[in-house]
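Hi there,

Here is the structure I promised to pass on. My notes follow below it.

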Amino acid sequence: MKLNVAALSIAGAILWGASVFLVTLANVVVPDYGVAFLNMIAALYPGYHVGAGLGALLIGTAYAVVDGAIGGALLGWLYNLVAVSTRDSAENASAGHRARHRFGHHAH
């Protein structure tokens, strides 16, 4: 089964964007909330600063949406690549087993 890479990319964008948005929003309301997480985000996303208010909310969310989309697309692409090679290996092994069985070579 192949994954829809575009759909996974959109889902990743929504999930990661919403995560950063909600934690940053909570930090705007309660300044001690999520500081360790947001410091990690600040280390990854240039221009994002913990405690910068609504500017941080917009910058962090924008970075997270793009980051999540790229991550989702890479995950979908990699899954499809591995699934195809795994399926091909399984089909080749199954075809070899059927051929041995058909010609009376039973491996037990």
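Is Val28 buried, partly exposed or exposed by its relative accessibility? At 38%, Val28 counts as partly exposed, where buried means under 20% relative accessible area, exposed over 50% and partly exposed in between (1.4 Å probe, protein chains only).

Some background: this is a predicted model, in which local features need pLDDT of at least 70 and side-chain atom pairs count only at pLDDT 80 or more, while totals for chains, interfaces and linings use all residues. Residues are numbered from 1 along each chain as its sequence is written, and side-chain values use heavy atoms, leaving out hydrogens and water.

Val28 is found in helix H1; helices here are DSSP runs (H or I, at least four residues), numbered from the N terminus.

Now the core. The largest nonpolar core has eight residues: Val20, Val23, Leu38, Ile41, Tyr45, Tyr48, Ala56 and Ala64. Such a core is a set of buried Ala, Val, Leu, Ile, Met, Phe, Trp, Tyr and Cys residues joined through side-chain atoms within 4.5 Å. At least two of its residues come from each of helix H1 (5–29), helix H2 (35–44) and helix H3 (54–102). Not counting residues up to four places away in sequence, Tyr48 touches Thr24, Leu38, Ile41, Ala42, Ala56, Ile59 and Gly60; contact means heavy atoms within 4.5 Å.

Thr61 sits in helix H3 and is buried, with a relative accessible area of 17%. Leaving out residues up to four places away in sequence, Thr61 touches Gly17, Val20, Phe21 and Ala56.

Enjoy exploring!
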